[in-house]
Amino acid sequence: MPKPCAAKQTSTKNGVSMSADPAVPRSVEIYDTTLRDGSQLEGISLTVEDKLRIAEQLDWLGVHYIEAGWPGANPKDDELFRRTPTELSLTTSKLVAFGSTRRVKGKVDSDDTLRHLIDANVEAVCIVGKAWDYHVTEALGTTLDEGVAMVRDSVEFLRATGMEVLFDAEHFFDGYRRNPEFSLRVLEAAAEVGASRLVLCDTNGGTLPHEVEETVRAVVAYFGSDVGIAVHLHDDAGTGVANALAGVRGGAIQVQGTINGYGERTGNCNLTTIIPNLTFKMGIETIPRDRIERLTPVAHHIAELVNMPLNPQAAYVGHSAFAHKAGLHTSAIAKRPDAYEHLPPDSVGNGTRFVVSELAGKSTLGMKAKELGLDLDGPQLAEVVETLKQLEHEGYHFEVADGSLELLMRRIIGWTPEWFDVESFRVITDDTRGVDTLTGETGATVTTEATVKVMVDGKRKIATAEGNGPVNALDRALRTALNGRYPSLDRVHLTDYKVRVLDTQKGTAAVTRVLIDSTDGNATWTTIGVNENIIEASWQALLDSIHFGLLRGEGVANK
Ligand SMILES: [Zn+2]
């Protein structure tokens with residue numbers, strides 16, 4: 001008979017599996033490198049302002065370390081470290097500057113990188129050095145002894161200034177696999193001269209959890225309690241988070257990673273997943289427990305700042321992480337959520353959602369209404385079901401358009417948006433072909449202009465605006481017409497616009513479905529429009545987005 005897995009090593013306390021393994025620490029430091037390693041992701045370009053705002057979010061969340069950047073590597077990071085002393089006041093996190101060891105055969109006191117680290121004027125620095133012999137002989141083109149000396153000299157020099165120095169052992173796992181003796185020599189050199197943490201990096205990201213655990217365990221055993229071992233893991237094998245948990249099981253007392261797993265190639269290990277896994281599933285303290293509910297808002301806020309939509313399926317913090325579509329089980333989920341959810345969603349700041357589609361019965365819609373705080377009686381629910389079926393037949397898809405769904409349900413119970421009335425709108429797109437006077441080349445200039453006529457507070461307002469496309473022009477014209485009447489609208493902006501053409505094979509006129517994602521900085525919502533005319537479909541989705549934004553910003557009472 002097969003033995004139950006690891007039955008000897010774990011026990012359960014308050015539903016949390018407690019490890020009896022002495023190697024597993026009781027608490028783990030969270031080291032965030034979103035600003036340095038995370039910003040390597042294709043498509044991310046952060047301004048200094050963005051970086052300061054992200055650092056504030058990380059401090060509010062309560063991570064132990066914030067790696068802010070590499071001073072001297074680019075003007076942006078230089079400016080960041082110049083501004084942090086006056087513009088960033090951290091209450092929980094320690095700010096870290098990142099850099100590398102001295103150059104081959106160079107002198108520490110005339111090394112630019114080391115000088116920049118000192119000038120960054122922070123409490124802690126993390127410096128990277130090569131821990132794989134192959135990289136020392138091939139990439140650096142020097143001897144293994146010099147490779148070790150570069151690490152020792154640099155850590156010693158920085159320690160002499162009184163700063164905390166973490167040593168980042170690049171390609172540690174790959175190096176240790178081939179020449180463990182050299183990789184350990186590098187770590188030893190850093191530890192002997194006072195590095196506070198030895199960071200074992202899986203720089204290529206291809207190591208698997210069992211190997212991470214084994215290796216970390218061996219290194220922890222080698223150093224004993226002399227120095228803390230940290231792990232820095234990339235997600236190239238799709239096991240970044242699992243590797244971090246394995247590293248902690250092996251005895252690592254610090255995990256490095258990024259919010260939402262940002263990072264070059266496939267990303268770093270995702271702290272938004274690691275933190276609740278360590279705390280709630282493994283019973284290991286990370287950030288303060290009462291702050292873990294800040295994870296979802298922080299993940300969304302940072303996604304906003306890096307200007308990339310958060311993956312709805314992200315574990316714990318994604319929009320769909322606790323979304324239920326099962327019509328049959330809806331009432332059971334409401335009664336016994338612990339039977340259908342792996343942990344209470346509010347513990348990470350997320351919430352249960354009931355996904356509504358044409359397949360939804362009255363009970364799912366009832367749950368949805370309750371979730372939105374709406375009081376719908378039986379006949380009203382039946383009317384919602386009927387309306388949904390009809391609209392989904394026409395091409396609407398409310399499962400993804402939560403904003404429009406809420407407006408629809410509110411309208412059925414008698415609510416009408418009274419902020420403004422639309423009289424008409426018009427969009428003109430001009431394609432002007434001509435010869436560029438500078439280059440002499442022939443080309444096209446496309447401009448879009450929209451005019452919107454609305455009634456606000458009993459007055460007729462007409463506004464015209466240009467935009468980079470019809471939706472943008474209409475959005476601007478509508479806002480101009482409203483002329484600051486509703487200040488909460490300033491926070492609302494459109495983040496994504498998707499178009500899909502339906503029924504193309506039927507030979508009849510194609511129907512266009514438009515989805516618009518919007519945000520006010522705290523919440524995001526999706527609205528929908530369907531019409532044979534793409535502009536009309538876009539206008540419906542835009543109007544729903546603005547109405548939903550006003551509903552959030554101004555309240556149901558309208559005025
Ligand atoms: Zn990295």
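Leaving aside neighbours within four places in sequence, Ser-347 is in contact with Phe-280, Ile-292 and Glu-293, where contact means heavy atoms within 4.5 Å. This is a predicted model, in which local features need pLDDT of at least 70, side-chain atom pairs count only at pLDDT 80 or more, and totals for chains, interfaces and linings use all residues. Residues are numbered from 1 along each chain as its sequence is written, and side-chain values use heavy atoms, with hydrogens and water left out.

**Overall build**

- The protein chain has 17 helices and 18 strands; helices (H or I, at least four residues) and strands (E, at least two) are DSSP runs numbered from the N terminus.
- Along the principal axes, the C-alpha atoms of the protein chain fill a box of roughly 80 × 80 × 50 Å.
- Of the 559 residues in the protein chain, 51% are buried; buried means under 20% relative accessible area, exposed over 50%, and partly exposed in between, with a 1.4 Å probe and protein chains only.
- Among contacts in the protein chain between residues at least 6 apart in sequence, 68% join residues at least 24 apart.

- Ser-347 belongs to the loop between α12 (330–335) and β12 (353–354).
- Ser-347 and Asp-290 are 57 residues apart along the chain, and their C-alpha atoms are separated by 8.8 Å.

**Zinc site**

- The zinc ion has Asp-37 (OD), His-232 (NE2) and His-234 (NE2) as its protein donors, at 1.9 to 2.1 Å.
- Donors are N, O and S atoms within 2.8 Å of the metal (3.2 Å for Na, K and Ca); water is not among the atoms, so sites may look incomplete.
- Along the chain, the donors of the zinc ion are spaced as D-x194-H-x1-H.
- Asp-37 sits in the loop between β3 (29–32) and α1 (48–61), and His-234 in the loop between β9 (228–233) and α9 (240–249); this pair, 197 residues apart, links distant parts of the chain.
- Both Asp-37 and His-234 are buried.

**Cysteines**

- A search of the whole structure finds zero disulfides, a disulfide being a pair of cysteine sulfur atoms within 2.5 Å.
- For Cys-126, the closest cysteine sulfur is in Cys-201, at 7.4 Å, which is too far for a bond.
- Cys-269 is in no disulfide either, and the nearest cysteine sulfur, that of Cys-201, is 11 Å away.
- Cys-126 is buried at 0% relative accessibility, and Cys-269 is buried with a relative accessible area of 0%.

- Helix α10 (residues 271–281) is largely enclosed by the rest of the structure, because nine of its 11 residues are buried.
- The buried residues of α10 include Leu-271, Ile-274, Ile-275 and Pro-276.
- These buried residues of α10 pack against β3, α9, β10 (254–257) and α11 (295–306).
- Just after α10, Gly-283 takes a positive phi of about 70°.
- The axes of α9 and α10 are 10 Å apart, and the two helices pack at an angle of about 40°.
- Axes are lines fitted to C-alpha atoms, for helices over the stretch in contact, and angles run from 0 to 180 degrees between N-to-C directions.
- α9 and α10 are therefore oblique to each other; angles under 35 degrees count as roughly parallel, over 145 as roughly antiparallel, 65 to 115 as roughly perpendicular and the rest as oblique.
- Val-241, Ala-244, Leu-245 and Val-248 of α9 make the contact with Thr-273, Ile-274, Asn-277 and Leu-278 of α10.

**Other helix pairs**

- α1 and α11 have axes that come within 10 Å and cross at roughly 175°, so they are roughly antiparallel to each other.
- Residues meeting between these two helices include Asp-50, Arg-53 and Ile-54 in α1 and Leu-295, Val-298 and His-301 in α11.
- Helix α13 (residues 362–371) and helix α14 (residues 378–394) have axes that come within 10 Å and cross at roughly 105°, so they are roughly perpendicular to each other.
- Lys-362, Leu-365 and Gly-366 in α13 meet residues of α14, among them Gly-378, Leu-381 and Ala-382.

**Surroundings of Val-148**

- Val-148 is part of helix α5 (residues 144–159) and is buried, with a relative accessible area of 5%.
- Apart from neighbours within four places in sequence, Val-148 is in contact with Phe-182, Arg-185, Val-186 and Ala-189.
- Val-148 and Gly-129 are 8.8 Å apart in space, C-alpha to C-alpha, and 19 residues apart in sequence.
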